[in-house]
Amino acid sequence: MKIGYARCSTAKQDVAGQVAWLEKLGVGDAQVYTDHGYTGRNRKRPALARALEVCRGGDELVVTKLDRLGRSARDLHQIVDGLVERNITLNIDGTVYDPTDPMGKMFIGFLAIMAEFESDLNRQRTRAGVEVAKAKGKMRGKQHRLSPLRRNLLLRDHETGRFTVDDLCAGYDLKRTALYENLKLARSERAATEPNSTEGVSA
C-alpha cells in the first residue's frame, strides 16, 4: 500500500497541489495525511506520526519532495532509518529509494543535506529582509497615535465624564496605554494653540 504525506508550513498555505500530485503517484485519497501550519523542523507533527504509524512492512511512504518530511538532515535520517527497520520504502515524487542500497542511501543523504541547506538559506534571507525593512522604517509595528482631529474628539469625550476608560478604549480602538498617550498629546496640542493668558494686558 502507498501512504502519502503532505505538509505546509503555515495555516494560510494550501496542500491541495501536493495532495493532487500524491494521487497521481498512486496514493488513494483515504491514505493521504496532511499537516497544516507545521514547519519541517518541527518533529512533532500529528499527521506525519499517523502516517508512519499506519505504514506496514512492504508499504511505501510517498512524498512529493523530501523536504516535506523534514528540513533537518538529522531528523530526516532518523525518519528514514525508522522506515528501513520496518521494511518500508520511501517514494519521492515517483522515484523509490532503497536506503539499504549504497546508492539509494547516498542519494537520500544528499537530498537531506540539500533540504537543510535550503531551509537555512531561506531563514537567512528572511532575517536579512527583516533587517533591511527595519532600517528603512517599514516595520514599525502597529501605530496607536490618532489623527489630530480624533485626538481632539477623544479629549473632549474624556472631559465630559460621561464615558469610562474602557468605553473610550473600545470606541477609539486603543489600549489603555495608547489612550493615555493620545490624551496627553491632545492636551499639549491644545495648550500650544491657546492664546497667551497675558496677551493684551498693558504694563
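Tutor: The protein chain has seven helices and five strands. Please keep in mind that this is a predicted model. In sequence order, the elements of the protein chain form the pattern β-α-β-α-β-α-β-β-α-α-α-α.

Student: What makes helix 6 roughly perpendicular to helix 7?

Tutor: Helix 6 spans residues 165-172 and helix 7 spans residues 176-193; their axes come within 10 Å and cross at roughly 90 degrees. Angles from 65 to 115 degrees count as roughly perpendicular, and therefore helix 6 is given that description relative to helix 7.

Student: Which residues make this contact between helix 6 and helix 7?

Tutor: Helix 6 contributes Val 165, Asp 166, Leu 168 and Cys 169, while helix 7 contributes Arg 176, Leu 179 and Tyr 180. Sorted by class, the contact of helix 6 with helix 7 holds five nonpolar and two charged residues, with no polar ones.

Student: How do you know that helix 5 and helix 7 are roughly perpendicular to each other?

Tutor: The axes of helix 5 (residues 148-160) and helix 7 cross at roughly 100 degrees and come within 9 Å. The range for this term is 65 to 115 degrees, so helix 5 and helix 7 are roughly perpendicular to each other.

Student: Which residues of helix 5 meet helix 7, and which classes do the residues of the contact divide into?

Tutor: On helix 5 they are Arg 151, Leu 154, Leu 155, His 158 and Glu 159. Their partners in helix 7 include Leu 179, Asn 182, Leu 183 and Arg 190. The contact of helix 5 with helix 7 comprises six nonpolar, two polar and five charged residues.

Student: Why does Ala 51 count as buried?

Tutor: Buried means under 20% relative accessible area. Ala 51 has 0% relative accessibility and therefore counts as buried. Ala 51 lies in helix 2, residues 46-54. Leaving aside residues up to four places away in sequence, Ala 51 touches Ile 3, Tyr 33 and Leu 61. Ala 51 and Tyr 33 are 18 residues apart along the chain, and their C-alpha atoms are separated by 6.1 Å.

Student: How many of the residues of the protein chain count as buried?

Tutor: Of its 203 residues, 33% count as buried. The protein chain exposes about 13,100 Å², of which carbon and sulfur atoms supply 53%.

Terms used: Residues are numbered from 1 along each chain as its sequence is written. This is a predicted model: local features need pLDDT of at least 70, side-chain atom pairs count only at pLDDT 80 or more; totals for chains, interfaces and linings use all residues. Side-chain values use heavy atoms; hydrogens and water are left out. Axes are lines fitted to C-alpha atoms, for helices over the stretch in contact, and angles run from 0 to 180 degrees between N-to-C directions. Helices (H or I, at least four residues) and strands (E, at least two) are DSSP runs, numbered from the N terminus. Angles under 35 degrees count as roughly parallel, over 145 as roughly antiparallel, 65 to 115 as roughly perpendicular and the rest as oblique. Contact means heavy atoms within 4.5 Å. Ala, Val, Leu, Ile, Met, Phe, Trp, Tyr, Cys and Pro count as nonpolar, Asp, Glu, Lys and Arg as charged, and the others, Gly among them, as polar. Buried means under 20% relative accessible area, exposed over 50%, partly exposed in between (1.4 Å probe, protein chains only). Accessible areas come from the Shrake-Rupley method with a 1.4 Å probe; for residues, only the protein chains shown count as cover.
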